Amino acid sequence: MSNIKQAFQNGKAFIPFITCGDPDLDTTEQCIRAAVQNGASLIELGIPFSDPTAEGPVIQGANIRALKGGINTDKIFDFVRKIRQDITIPMVFMTYANVVYSYGADKFISTCQQIGIDGLILPDIPFEEKEEFLPYCHQYGVDLISFIAPTSQNRIARIAKEAEGFLYIVSSLGVTGTRSEITTDLAQIINVVRENTDIPCAVGFGISTPEQARNMAMLADGVIVGSAIIKLLEQHGTNAAEYIGEYVQKMQAAMVNVP
C-alpha cells in the first residue's frame with residue numbers, strides 16, 4: 001500500500017504536475033520545494049517522452065526542452081533519490097508505456113519502490129491493458145493510477161471498483177491544456193465513482209484558475225494542474241520557482257474549507 005491516501009486526509013488535495021528536467025533538474029527541485037512549502041498535497045512528476053500523445057502543446061514543449069537538455073530516466077531516478085531525503089509528501093510518476101517498456105517494467109517499477117515513488121500514471125495504456133504492468137505494481141507496492149474520461153460511460157463503475165491510489169478524472173475531451181470553461185457533467189461521473197469505491201478522485205485537464213479549482217474541489221477530492229504550471233516554467237525558466245510557489249498558494253487557498 002502506497003502513501004497516496006495521506007494526500008487526501010487533510011481536506012482537498014492540490015496536485016501540481018511538473019516535468020522533470022524542464023529546463024533543468026535544479027529548477028525542477030526548486031519548483032517542487034516551492035510547491036510543497038505552499039501547500040501541495042502530492043506531486044505528479046512527468047518523465048519526458050518524445051511522443052506524449054495525451055499532452056497539448058504546452059506540456060509537449062516541456063518534454064522537448066527537457067529531452068534536449070539531456071534528461072533521461074536514470075537521471076530522474078537519481079534526482080528523486082536526492083529530494084526524497086527530506087521531501088515526504090506522496091509523489092507519482094506520469095509517463096508513457098514506451099518509457100517503462102524500454103527500461104524494463106520490473107526494473108522500472110522496482111526502482112520506483114526503492115526511491116519512494118508512490119504511484120504510476122500511464123495515459124496511453126487503456127484500462128483493459130493494465131495487466132501488463134499491474135503485477136509488478138502489486139509486487140512492489142506502487143499504485144497504478146486509472147483514468148476515467150467523459151467517454152468512459154459504462155466502464156466507470158468497473159474502473160472505480162478496481163482503482164488504486166486515486167482516480168484521475170479527466171475533465172474534458174482532448175489533450176491537456178488550460179480551458180476557459182469545463183462543460184463535462186463531472187458530478188454524474190463522480191457520483192458513479194462514489195457508488196463503487198472509497199478511493200479518492202482528483203480532477204485534471206484544463207484547470208488553471210482558483211475559481212475552477214474551487215468548483216472542481218466541490219465535486220472531487222482533489223485537483224490536478226499541469227499546463228498552467230508549465231506555462232510559468234516556460235515564461236520564467238530557472239527563476240520559475242517563486243512564481244510557481246505563489247500560484248500553488250493561490251490555488252490551494254481557493255480549495256480551503258470546501259466541504
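In this predicted model, the axes of helix 9, which spans residues 210-219, and helix 11, which spans residues 240-255, come within 8 Å of each other and cross at roughly 40°. Because angles under 35 degrees count as roughly parallel and those from 65 to 115 as roughly perpendicular, helix 9 is classed as oblique to helix 11. The crossing of the two helices is right-handed. On the side of helix 9, the contact is made by Pro210, Ala213, Arg214 and Ala217, and these meet Lys250, Met251, Ala254 and Met255 of helix 11. Sorted by class, the residues in this contact comprise 6 nonpolar and 2 charged ones, with no polar residue.

Helix 10 itself runs over residues 227-236, and its buried residues are Ser227, Ala228, Ile229, Ile230, Leu232 and Leu233. After helix 10 comes glycine 237, which has a positive phi, near 55°.

Another part of the chain to consider is serine 146, placed in the loop between strand 5 (143-145) and strand 6 (147-148). Its relative accessibility is 7%, and serine 146 therefore counts as buried, since the cut-off for that class is under 20%. When residues up to four places away in sequence are not counted, serine 146 touches Phe127, Ile159, Phe166, Leu167 and Tyr168.

How values were computed. Residues numbered from 1 in each chain as written. Predicted model: local features only at pLDDT ≥ 70, side-chain atom pairs only at ≥ 80, totals over all residues. Heavy atoms only, no water. Axes fitted to C-alpha atoms, helices over the stretch in contact; angles between N-to-C directions. Helix = DSSP H or I, 4+ residues; strand = E, 2+ residues; numbered from the N terminus. Parallel < 35°, antiparallel > 145°, perpendicular 65-115°, else oblique. Left-handed = near helix turned anticlockwise from the far one by under 90°. Contact = heavy atoms within 4.5 Å. Nonpolar A, V, L, I, M, F, W, Y, C, P; charged D, E, K, R; others polar. Buried < 20%, exposed > 50% of the residue type's maximum accessible area, 1.4 Å probe, protein only.
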